[in-house]
Amino acid sequence: MKAKSGSRLHVAIYYSLYVLLVLSICGLFLSSRFPGIWKVYSEVYLVTVITYMWYAFILLYLGERKVAKTSRQVSYDGGSIAVLMPVYNEAPRLFLAALQSVIKCEGNKMIFVLDDGTTNKTNWTALKAICERDGVQFVPFPKNRGKRHVLHDGIKLLKKRYDYVVTIDSDTILDKKALVNIVSALSDPRVGAASGNVRAINEHQNWLTKMQASYYWIALEICKSAQSTIGMVACCSGCLSAYRGSLVDSIIDEYVNETFLGAPCTHSEDRHLTNLVLREGYNVKYVSSAISYTHTPATLKGFLKQQLRWRRGYIQESTFLLTFAWHKHKVLFFQTLLYDLTMPFLTFGLAISTILLFIKSPSSLPVALVMILLITCIRNLPLILRNPKKIPGMIVFTLLSDVILYWQNIYALFTTKKKGWLTR
Amino acid sequence: MPVWRKIQWMIIFGVLSTFSLFMVSGMSVSYADGYNGFVKDSIAHLPNGRLVYFSDTEGFHHQQFVCSITSSQLSSLESSYSVKTETHHTKHHSFTIAKVSIIRGQSVKGIKQIVGERLSKDCKVQTSHGILYIFTVPELS
């Protein structure tokens, strides 16, 4: 029987995160009476961090070596591509730029603009006119129901089966070769989906966008590249992703009907679709040469809202992944169980005790700061060596993570069920 | 793989190996407590032939103390704590070191009160810092 999101097992794994949190708080109280516990607790954590760094760098190295050894470049097989662009109340200027970039892309493609009930009728008329002028299929839906539904209905409305289905955001600018490069990864029959490279189009707008550009670089060129070596990218980003057409047809109904804790899911649709691909036993790859540019939030409020939404999805979908990964992708199972899910919650007590320590002994702060920066530099060595301009952004991101984003994990755990998209 | 990429990987794995060894050896040293080395170093700098050794861990600060004490202070320590005495010999002197262990319900504060004012003057303190890193994983959704 296939694992289902929202199943009893899924919910049980989700609630076990609360158990971890309780254990962590117990560890905090016990360590105040028995200092030895704190020592073991923190050192186990450090060993895990070091092990993870080795794991990621070895995978990254093997992936690069494999690419270098492959003399024959994987090329586009000329298969048909359906490009789906869901759009909702998008500024016509951004949408036009995105659409024109897709039109200019190489590949045997058909573009479908899926209007998710845009409420601004002036925008709607403009969108329609642009699409008709450029020979793009404009598919309007009368009511706004969210990206998940519009993608589902769009795929169902396709009059023929396309070899590949590519989904992009309505403000994403594509590089000319982005489409052919991303679907080339699917020429391997074991690969069911591929995720593209995302860069910040507004990188130089302010410190926050510069920070996010560094964050994207780390997430994609280190984390996703490492996962890609063993075909286990955990999330195909919504900005640019490609799926095998036949596979999408078989999972799309389940995708749209996802529920969790008794409520229909509205966020993290990209992560869930990736999960379903992995559950079917397919590999998921990251394609660095499939480049897209997206607008990143330029205000701290917007960034934090986006992060909270992502973290809720991260918890919901990572716990779902554990329900099937043991049978399909054991390495991914252990990575998700031990590192992605256990560590953020088991370290809660450690983080609290660190804050208490700073209050009690402020002189600890410089030592902590040096250690944080040292470990950040080591775990992001590829960025330091290959893209040193992004070092300041990396440092700001690390500090912001420790001061704010870490705590969002805890808040996200208690509010996973909340549906709000938060950016609209 | 191009030569420059190979060099980059040598640097990455070199730094990671050094860091791992440094951290793991740091941990094993702290588990060994660093007692002998610290006491030997301290003996040369402390005037009295009667010393006390104790340690205190608070967060990621680990402090070790070797202090000169009087016989009455030693008696007070022995009456309240588990004390194991050892004798160390140098070329010209011999030293008695009282190693104080703390059991459940006791605190280092009490030892510091007994050692008293002399703590700052006739003490050698060695502070080592533990580790700290708050978890962050960049992940795109």
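Predicted model: local features only at pLDDT ≥ 70, side-chain atom pairs only at ≥ 80, totals over all residues.

Tutor: Chain B has 5 helices and 5 strands, which follow the pattern α-α-β-β-α-β-β-α-α-β along the sequence.

The part to examine closely lies in chain A, around helix H8. Two packed helices are described by the angle between their axes and the distance between the axes. Helix H5 of chain A (residues 147-157) and helix H8 of chain A (residues 245-256) have axes that come within 10 Å and cross at roughly 145°, and the crossing of H5(A) with H8(A) is left-handed. On the H5(A) side the contact involves Arg148(A), His149(A), His152(A) and Ile155(A), which meet Val248(A), Ile252(A), Tyr255(A) and Val256(A) of H8(A). Sorted by class, this contact of H5(A) with H8(A) holds 5 nonpolar, 2 polar and 1 charged residues.

H8(A) also packs with helix H9 of chain A (residues 269-279), at an angle of about 125° and with the axes 10 Å apart, which means that H8(A) is oblique to H9(A). The crossing of H8(A) and H9(A) is right-handed. Here Leu247(A), Ile251(A), Glu254(A) and Tyr255(A) of H8(A) make the contact with His272(A), Leu273(A), Leu276(A) and Val277(A) of H9(A), and the residues of this contact divide into 6 nonpolar, 1 polar and 1 charged.

Key: Residues numbered from 1 in each chain as written. Chains lettered and ligands numbered in written order. Axes fitted to C-alpha atoms, helices over the stretch in contact; angles between N-to-C directions. Helix = DSSP H or I, 4+ residues; strand = E, 2+ residues; numbered from the N terminus. Left-handed = near helix turned anticlockwise from the far one by under 90°. Contact = placed C-beta atoms within 7 Å. Nonpolar A, V, L, I, M, F, W, Y, C, P; charged D, E, K, R; others polar. Parallel < 35°, antiparallel > 145°, perpendicular 65-115°, else oblique.
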